[in-house]
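Colleague: I am new to this structure and would like to go through it step by step. Please show it first, and then I will ask about its parts.

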Amino acid sequence: MPSATNSRESSTAEWLRTITSLPGVPGHEHAAAPEIARAFGQFADRVERDPIGNVYGWIDGTGAAPRPRALLAAHMDRIGFLVKRIEKGGFIRVTSVGGFDPRTLPGKEVMIHSKPPMPALFGTKPPHLQARGESEKVVPIHELYLDTGRSESEVRRRVPLGTMVMLRQPPVALLGGRLAAPGMDDRAGVVTVIRTLELLSAQRPAWDVVGVATIEEEFGSVFLGARTASEKIDPRLGIAIDVSHGDMAGAREADTIPLGGGPGLTVGSNVHPRLFEGLRATARSLGLPYQVEAYPMSSGTDAMDIQISREGIPTAVIGIPCRYMHTGVETVEPRDVDRCARLLAGYLADLPTDWSVTEVLK
Amino acid sequence: MSPTSPRRRANGAPRFREDLLEALSNESGVSGDEERVRAIVVEAVRDRVDSLEVDAMGSLVARVGPRATARGPRRGPHVMLCAHLDEVGIMITSIEKEGRLRFRRAGGIDPRIMAGQVFRIGAKGIRGVVGILPPHLTSSADEERVVPFDDLYLDIGASSREEALEHVARGDTAVFDTVYERWGETRKGKAFDDRAGCAVLASLVQQPLPLPVTAVWSVQEEVGLRGATAAARRVAPDLALVLEGTASGEAPGASDGESAPRMGGGPALTIHDRTLMADARLVDIIRRTASARRIPTQWKRPGVGGTDAGKISLSGTGVPSAVVSVACRYIHAPAAFLDARDAQRTADLVWHTLHAIRKEWER
């Protein structure tokens, strides 16, 4: 029914607006965790946080105990900055936490998460004062600075070194229901988990389903939150939900999936073929559009560490099409997020408790 | 009216109308498309001025005379006060079949501030984002390359030309999607060049002025000082003062010389820029007035930029002209800064200067 579909998507859009707006660079996820825990708690049977900061929402299965567990992972950290140095005049230097293109930063507003928070912007030199040819040179991140418009003494008093800084861009509503905001990577995945828990709270799977908002995906080579969550939950299968590159001008078709085309299903060494086949079969039976993404090596998601946790865990990766990743205008279609949740819920709700990929051959 | 009021300060000068600065900053008015900004000024001044007209190019022209007294009207030189309505922005030049919009600049914008920026397009304020490939898909050679204007595009969410055309049209202008805010003493907003001057001028005409003044809110400054060129010919003033939002120079590591003029340092006075040799007698009156009234002033960096005063000074048989500016950080960028105290001091200084001109200017 169209009306039911529309209300589902508008609710997804509302979740996206709320959850993407929460701060939280790698290591500072505590700034978002309480809100995300509250969101999980609206639908989950249990909500908990582990010692390193992951947030879990449990849906208790209907199967006989001990039941198998499915892990749904989306990372709650967002790329951002930390205050590195305060200079004469009160200008602030930052270090980036996560991979920004410094070409997307000059002139952008940020929020410095001091107590209370203080807005600022990346300073730029007006064209009137530039030397000839200066506008053709990229400004590297160590030459960028923040200006709060406040005095040096106030800045020094209020902004300790190490303070978290996030891009400050309210969600922008585009045509076609699309939404642009910093933090879609991967708060759109967190919203997918929230919506999946909501659906499963009604559909009641035989398995226990554990949604986890993980820490520190955007930092370093280890997906720390995903690794520790897998150790803790000991899941029989794990699915990472993250953003995938949407179709964009100048990008190869091979590197992208169109916005509005539904969930991206990854094939490749990070994905167990039976999980891929199962998800695809569910998409077909539910009449959901989907698209296949081919990554022979790293999927670049939490699934990398889930897969090699404990004795090995079959994994899959669900991709939400997203344009302009790692900028302040990461753009998704709420409809795609909604479809990801329906796909996950549909798949998990039908899983029999004897499902396993390990085989005893003799 | 009591000596101090919401409109008037203890020294007699008009109060700076920050509410107007906020409204003007938030409204969009790229060169050639100033109508909505002009309407805000019209609303603010229509009951306070003797006449109000829109000229052939779209500039707003208000006459404010000395009020007749029992002893008869006192005359003085006819002064043109001028601030420009327009701001830098972009214009949609084509709508591609995938629904993307291409655009050109109106005015001086650094291409380095464009990627990832949000714009408000046309009268309806449709939002568009300037797309850029994610770092994951960017080659190391491209990382070193500023994306030129011709390669930039706006994404409004449309999937096709047809869908886009329901909401935007070729020729629509677009501005940075920035909201005015108070950050301590600093005010943050777009287009302070020259909505700061527009708001100071609209504040000034709230009070009876000591001289015959023609206030002009000019169009098309950012595309070649065009509106003021035509307006000055029609107004034919004896003198002109241009009110501007000018570039301040503070940055990490900048020397004192490079930093000047500073935000918060008081009205910035021009000696000369690329378009004007300011009239030395007029500048002298302004300086002495500032000194007598204890209004701090500073010098704008010489030889940089240009203002409507360049064209007004050449009008007719020549018009002695000067420029008084509010020093703003980050003009021509998505969000600029100014110190609200500088705006009030600029209103104070121009007000007292008009009185000094009445007394001193030889006819």
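Colleague: Which helices and strands do the buried residues of H2(B) pack against?
Modeller: This is a predicted model, so the answers describe computed coordinates. Helix H2 covers residues 35–45 of chain B, and Val37(B), Arg38(B), Ile40(B), Val41(B), Ala44(B) and Val45(B) are buried there. These residues cover an arc of only 155 degrees around the axis, which puts them on the same side of H2(B). The buried residues pack against helix H1 (18–26), strand E1 (51–54), strand E2 (60–64), helix H5 (192–204) and strand E12 (213–218) of chain B.

Colleague: Is Trp351(B) buried or exposed?
Modeller: Trp351(B) lies in helix H10, residues 340–360 of chain B. A residue is buried if 20 or more other C-beta atoms lie within 10 Å of its own. Because Trp351(B) has 23 C-beta neighbours inside 10 Å, it counts as buried.

Colleague: Which residues does Trp351(B) touch, not counting those up to four places away in sequence?
Modeller: Ala335(B) is 16 residues from Trp351(B) along the chain, and their C-alpha atoms are separated by 29 Å. With residues up to four places away in sequence left out, Trp351(B) touches Ala13(B), Pro14(B) and Leu204(B).

Colleague: How many residues of domain 1 of chain B are in contact with domain 2 of chain B?
Modeller: The domain assignment of chain B gives domain 1 as 18–87 + 190–360 and domain 2 as 89–176. The C-alpha centres of these domains of chain B lie 32 Å apart. On the side of domain 1 of chain B that touches domain 2 of chain B there are 4 nonpolar, 3 polar and 4 charged residues. Domain 2 of chain B gives 12 residues to the contact, and domain 1 of chain B gives 11.

Colleague: Which strands stand at the edges of the open sheet of 3 strands in chain A?
Modeller: The order in this sheet of chain A is E10-E11-E17, with antiparallel pairing. E10(A) is joined to strand E11 (residues 179–181) of chain A by 2 bridges, and Ala173(A) stands opposite Leu179(A) in E11(A). Each edge strand has a single partner strand, so one side of each is left without a neighbour in the sheet; the edges are E10 (172–173) and E17 (330–332) of chain A.

Colleague: Which elements give two or more residues to the side of chain B that touches chain A?
Modeller: The contact takes 49 residues from chain B and 51 residues from chain A. The residues on the side of chain B divide into 25 nonpolar, 13 polar and 11 charged. The elements that give two or more residues to this side are strand E7 (126–130) and strand E11 (186–189) of chain B.

Conventions: Residues numbered from 1 in each chain as written. Chains lettered and ligands numbered in written order. Predicted model: local features only at pLDDT ≥ 70, side-chain atom pairs only at ≥ 80, totals over all residues. Domains from an automatic or database assignment. Contact = placed C-beta atoms within 7 Å. Nonpolar A, V, L, I, M, F, W, Y, C, P; charged D, E, K, R; others polar. Pairing = 2+ DSSP bridges. Helix = DSSP H or I, 4+ residues; strand = E, 2+ residues; numbered from the N terminus. Buried ≥ 20, exposed ≤ 12 C-beta atoms within 10 Å, placed from the backbone. Arc of directions from axis to C-beta.
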